[in-house]
Amino acid sequence: MDILIIGGGIIGLSVAVALAKTQHRVGIVTGDFPGTAAHAAAGMLAPGAEQLPPGGMRDLCQASLQRYPDWIAELEAATGRSTGYWLCGILSPATAQTPGHHTGIWLNRPELDQHQPGLSKQFSGGWWYPDNGQVDNRLLTQALRQAAQSLGVSFFSHENVVRIEQAHGQITQVITHQTSHQAEHYILATGAWTHKLLSLPVYPRKGQMLALQAPPGLGLNQVIFADAYLVPRRDGRLVVGATSEDVGFQEGVTADGLLSLLQRAIATYPALAAWPVIETWWGYRPVTPDELPILGPSPWENLTLATGHYRNGILLAPITAELISNYLNGHPWPQELSFCRWERFSGNLELW
């Protein structure tokens, strides 16, 4: 192989597709880990609703959002699959028009009711982000995997990476619990599990979620981003999320977590109290100390980093794939993305 990607989530798959299109022979090693972000996420594309402060991260997220329509159109045309991409807009109701990093349009209460009837009376208005939206992360994962397979990407599934070996400033091989793999270049895209292989400060931040079934014709018209976020799918499912728990790799949903989600969701949109719960699940966001991703070159000449996307992995997939592909095809790593480099953290980088 020319390139071996360690990690088969949204980021790993997106990078694999981009690199395979440039005639690289690509492989992906993906293990059996419950709670991957690719499966667990709500799929919001929300740089505005997240109120990201001005600067490099907001610019990066906006650039990726702008790439989404063409990226999705090409992916859906190539695979014949829907990804659930929906530029439905995001509405962020508020009890008051407080200061913040707002880039949306302020709606007063009558305007809020026009956009989305039925919201709690506690809200005096809300911020409307018409260029934000969503994608169904599970459908997107399936489409990316199919696209990668059709481009000749090799999948080494159900192989948990045990360690990465190096010599003389180069990665020499990847050892799994079954075998070993060699390539000319390696990409680390292991998300919340990164710290198990490399001394990068990337750790799991658990989120619990649930889905409700809306009655026919009574679903929401757009994503609602409040104390809980409510993400309506076109099939009538309503995804509700998410808790944020620093509990390591603790598995499972809890009564307390689900109660918190339901209380916040009902406080936002009271009518859903009568809707049936049809699914509950959990997952792990890969978080860094400054909540920014780790992208770009590593201390090893043939290892590139693409991890730590935290809440924005789905949103940043197109731009991450483009950046990594450009870099491995001979372009210098952009200086304006120095805020993503691993060197911002003190200490040397070591393989475990």
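Which residues does Ala306 touch, not counting residues up to four places away in sequence? I looked this up before anything else.

**Entry: Ala306**

I list Ile11, Ile187, Leu188, Ala189, Ile294, Leu295, Thr320 and Ile324 as the residues that Ala306 touches, leaving out those up to four places away in sequence. Contact here means heavy atoms within 4.5 Å. I note that the model is predicted, that local features need pLDDT of at least 70 and side-chain atom pairs pLDDT 80 or more, and that totals for chains, interfaces and linings use all residues. Residues are numbered from 1 along each chain as its sequence is written, and side-chain values use heavy atoms, with hydrogens and water left out.

I find Ala306 buried, at 2% relative accessibility; buried means under 20% relative accessible area, exposed over 50%, and partly exposed in between, with a 1.4 Å probe and protein chains only. From Ala306 to Gly296 I read 6.7 Å, C-alpha to C-alpha, for a separation of 10 residues in sequence.

**Entry: strand β19**

Ala306 lies in strand β19. Helices (H or I, at least four residues) and strands (E, at least two) are DSSP runs, numbered from the N terminus. Five of the five residues of β19 (residues 303-307) are buried, so the strand is largely enclosed by the rest of the structure. I checked the side-chain directions: Leu303, Leu305 and Thr307 point one way, Thr304 and Ala306 the other way.

I then looked at its partners, where two strands pair if DSSP finds at least two bridges between them. Strand β18 (residues 294-297) is antiparallel to β19 over four bridges, and Ile294 has Thr307 as its bridge partner. The two strands form a hairpin with five residues between them. Strand β12 (residues 185-188) runs parallel to β19, joined by three bridges, and Tyr186 stands opposite Leu303.

**Entry: the eight-stranded sheet**

I traced an open sheet of eight strands with mixed pairing, in the order β5-β6-β4-β14-β15-β16-β13-β17. β5 (105-108) and β17 (277-287) are at the edges with a single partner strand each, so one side of each has no neighbour in the sheet. The twist averages 25° from one strand to the next.

Within this sheet I looked at β4 (residues 90-94) and β6 (residues 125-129), which run antiparallel with five bridges. Ile90 is paired with Tyr129 of β6. Helix α6 (residues 255-268) lies across β13, β14, β15, β16 and β17, at about 55° to β13. Axes are lines fitted to C-alpha atoms, for helices over the stretch in contact, and angles run from 0 to 180 degrees between N-to-C directions.

**Entry: helices α3 and α7**

I find α3 (residues 56-79) packed on α7 (residues 313-328) at about 90°, with the axes 7 Å apart. That makes the two helices roughly perpendicular, a term for 65 to 115 degrees; under 35 is roughly parallel, over 145 roughly antiparallel, and the rest oblique. The contact includes Met57, Cys61 and Trp71 of α3 and Ile314, Pro318 and Leu323 of α7. By class, it has 14 nonpolar, one polar and two charged residues. Ala, Val, Leu, Ile, Met, Phe, Trp, Tyr, Cys and Pro count as nonpolar, Asp, Glu, Lys and Arg as charged, and the others, Gly among them, as polar.

**Entry: cysteines**

I count zero disulfides, a disulfide being a pair of cysteine sulfur atoms within 2.5 Å. The closest cysteine sulfur to that of Cys61 is in Cys340, 9.2 Å away and too far for a bond. Cys61 is buried at 0% relative accessibility, and Cys340 is buried with a relative accessible area of 0%.
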